[in-house]
Amino acid sequence: MMAATTAIASPHARPDARPPHVAFLVGNLHSGGVQRMTLLLAEGLAARGARVDLVVCEMRGELRDQVPAALRVVALERSNPLAARLAVLRADPGGAAAFLRPLTTVKYASPTLAALPALARYLRRARPDSLFSATTYLNIEAVLARRLAAVPTRLVISDRSHFSSGKPRKAWRQRHLVAAMRRAYLQADAITAVSDGVAEDIAGSLGIARKAITTLYNPTVTPDLAARASEPIDHPWFAEGAPPVLLAVGRTTFQKDFATLLRAFARVRRQRAVRLAIVGEANEKQTARLRGLAGELGVQDDFALLGYRRNPLPYMARATVLVLSSRYEGFPNVLLEAMACGTPVVSTDCPSGPSEILDGGAYGALVPVGDDAALAAAIAATLAKPPDPARLRARAARFDYRTAIDRYAAVLLGETAATAGAP
């Protein structure tokens with residue numbers, strides 16, 4: 001995290017001369033991209049002079065000790081399921097048919113619905129000028145909480161993943177969640193998306209005009225990125241003179257499709273000495289499957305699951321190629337972080353984000369989702385002829401941290417329209 005005292009701009013002037021009060025809502029403090037980016041955004045607004053609350057539904061996760069000191073943490077109490085359901089009915093009686101099933105169905109129930117009554121109490125008590133939420137369930141619940149609280153808080157919601165693609169429960173989401181999303185999203189003061197691809201998908205899925213959704217890219221390339229990337233690591237694979245290392249960063253989940261990456265790696269490994277390391281929080285079931293697949297492919301000795309790392313940047317800076325094998329994304333920060341380190345990248349052309357970041361393949365190879373042969377060929381070509389690191393750094397620098405914070409601040413404080421579109 002950046003130092004919370006680093007000033008990046010003067011706070012926006014307000015009629016009553018008080019600093020703006022902004023709240024950021026998160027489900028938990030796990031090390032996912034949504035949580036990490038929310039902390040960066042919150043810290044950036046605090047550095048501008050805003051009073052910032054970090055409102056957390058469940059105080060658990062690897063980022064608990066990384067919350068910037070400038071943020072006031074508000075831990076929400078959980079209600080019993082009946083109280084949460086009654087809160088939904090009280091908030092929007094006319095929307096009961098749209099909201100109750102997707103939020104409370106046992107198999108796919110919202111993991112944060114129990115915090116809804118407490119969120120409404122927080123809004124009624126604290127009355128922040130703005131509330132920012134990200135992810136589908138939290139966005140719906142933020143709308144309901146504001147209705148319950150009956151406060152004028154400006155509500156900005158954000159979608160961070162490609163809604164219509166790749167989810168194992170895609171059909172269920174389309175059948176039951178769309179109506180709830182549409183009803184809730186149209187009540188927000190601003191709808192934002194983390195990439196143009198996500199914005200277009202949400203517009204099409206919900207029947208909302210594309211012009212009503214603002215693209216706000218993540219503040220990925222932070223001023224302290226180079227310093228964090230230069231921190232030492234002690235893994236022998238990243239020592240000078242060791243064989244090339246392919247690196248993937250992310251949780252071992254269905255979304256990341258590390259099985260396809262392993263198969264691609266095995267193809268490359270048959271042609272030359274190379275290793276594969278994955279940095280990220282481990283899902284036990286997926287991890288066991290990956291280890292088993294590595295054994296079947298005969299690459300277990302050159303494959304390592306390194307687990308969660310508080311700072312993965314030194315691994316990116318020392319890797320030979322960063323590979324993204326995802327089935328779907330929203331805006332994959334790891335591509336920009338690796339490019340900012342000067343590390344070549346290879347990615348699936350998944351919906352959405354990679355093509356926007358890589359300018360259609362101009363700054364790194366894009367291959368079809370799930371195609372291990374194409375992924376292997378792109379990796380081999382990149383190993384044989386890596387791109388100019390300075391060119392990669394220049395591209396990453398166009399996704400500037402300060403510009404991103406300025407755009408988020410404008411939307412959150414309702415002052416000016418943020419400009420959408422790729423840099």
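**Reading contacts and burial in a predicted model**

Biologist: At 3% relative accessibility, does Asp53 count as buried or exposed?

Modeller: Asp53 counts as buried, because its relative accessibility is 3% (buried is under 20% relative accessible area, exposed over 50%, partly exposed in between, with a 1.4 Å probe and protein chains only). The model is predicted, so local features need pLDDT of at least 70 and side-chain atom pairs count only at pLDDT 80 or more, while totals for chains, interfaces and linings use all residues. Residues are numbered from 1 along each chain as its sequence is written, and side-chain values use heavy atoms, without hydrogens and water.

Biologist: Which side chain meets that of Asp53 in a salt bridge?

Modeller: Side chains of opposite charge can pair when their charged atoms come close. The partner of Asp53 is Arg72, at 3.0 Å from N to O (a salt bridge needs a side-chain nitrogen of Lys or Arg within 4 Å of a carboxyl oxygen of Asp or Glu). Arg72 belongs to strand β3 and Asp53 to strand β2, so the pair ties together parts that are 19 residues apart in sequence (helices, H or I with at least four residues, and strands, E with at least two, are DSSP runs numbered from the N terminus).

Biologist: How many salt bridges does a search of the whole structure find?

Modeller: The search finds 18. One of them joins the side chains of Arg310 and Asp65 at 3.5 Å, N to O. Arg310 is in the loop between β10 (303–307) and α11 (313–318), and Asp65 in the loop between β2 and β3, so this pair links parts 245 residues apart in sequence. Arg310 and Asp65 are both exposed.

A further salt bridge pairs Glu77 with Arg121 at 3.9 Å, N to O. Glu77 lies in the loop between β3 and α2 and Arg121 in helix α4, so parts 44 residues apart in sequence are tied together. Glu77 is exposed, at 57% relative accessibility, and Arg121 is partly exposed, at 38%. Salt bridges that share partners also join Glu58, Arg60 and Arg78 into one network.

Biologist: Why is helix α4 largely enclosed by the rest of the structure?

Modeller: The reading follows from burial: 8 of the 11 residues of α4 (residues 116–126) are buried, so the helix is largely enclosed. Among the buried residues are Leu116, Leu119, Tyr122 and Leu123. Their cover includes β1 (21–26), β2 (51–56), β3 (72–75), α2, β4 and α5. After α4 comes Arg127, with a positive phi near 50°.

Biologist: What does Ile140 touch beyond residues up to four places away in sequence?

Modeller: Ile140 touches Phe99, Leu103, Leu177, Ala180, Met181 and Ala184 (contact means heavy atoms within 4.5 Å). Ile140 lies in helix α5 (residues 136–149) and is buried, with a relative accessible area of 0%. Ile140 and Met181 are 41 residues apart in sequence, yet 6.5 Å apart from C-alpha to C-alpha.

Leu322, in strand β11 (residues 321–324), can be read likewise. Its relative accessible area is 1%, so Leu322 is buried. Its contacts include Leu247, Ala248, Val334 and Val346. From Leu322 to Ala248 the C-alpha distance is 5.9 Å, across 74 residues of sequence.

Biologist: How many aromatic pairs does the structure hold?

Modeller: There are 6 (rings of Phe, Tyr and Trp, the last by its six-membered ring, pair if their centres lie within 6.5 Å; planes under 30 degrees apart are stacked, over 60 edge-to-face, the rest tilted). Phe132 and Tyr408 are edge-to-face, 6.0 Å centre to centre with 80° between the planes. Phe132 lies in strand β4 (residues 130–134) and Tyr408 in helix α16 (residues 401–413), so the pair connects parts 276 residues apart in sequence. Both Phe132 and Tyr408 are buried. Tyr217 and Phe399 form another edge-to-face pair, at 5.3 Å and 75°. Tyr217 is buried at 7% relative accessible area, and Phe399 is buried at 3%. Ring pairs also link Phe24, Phe132 and Tyr408 into a cluster.

Biologist: Over which ring does the charged end of Arg327 sit?

Modeller: The charged end of Arg327 sits over the ring of Phe254, 4.0 Å from its centre (NZ of Lys or CZ of Arg must be within 6 Å of the ring centre and within 35 degrees of the ring normal). Arg391 lies over the face of Tyr363, 4.2 Å from the ring centre.
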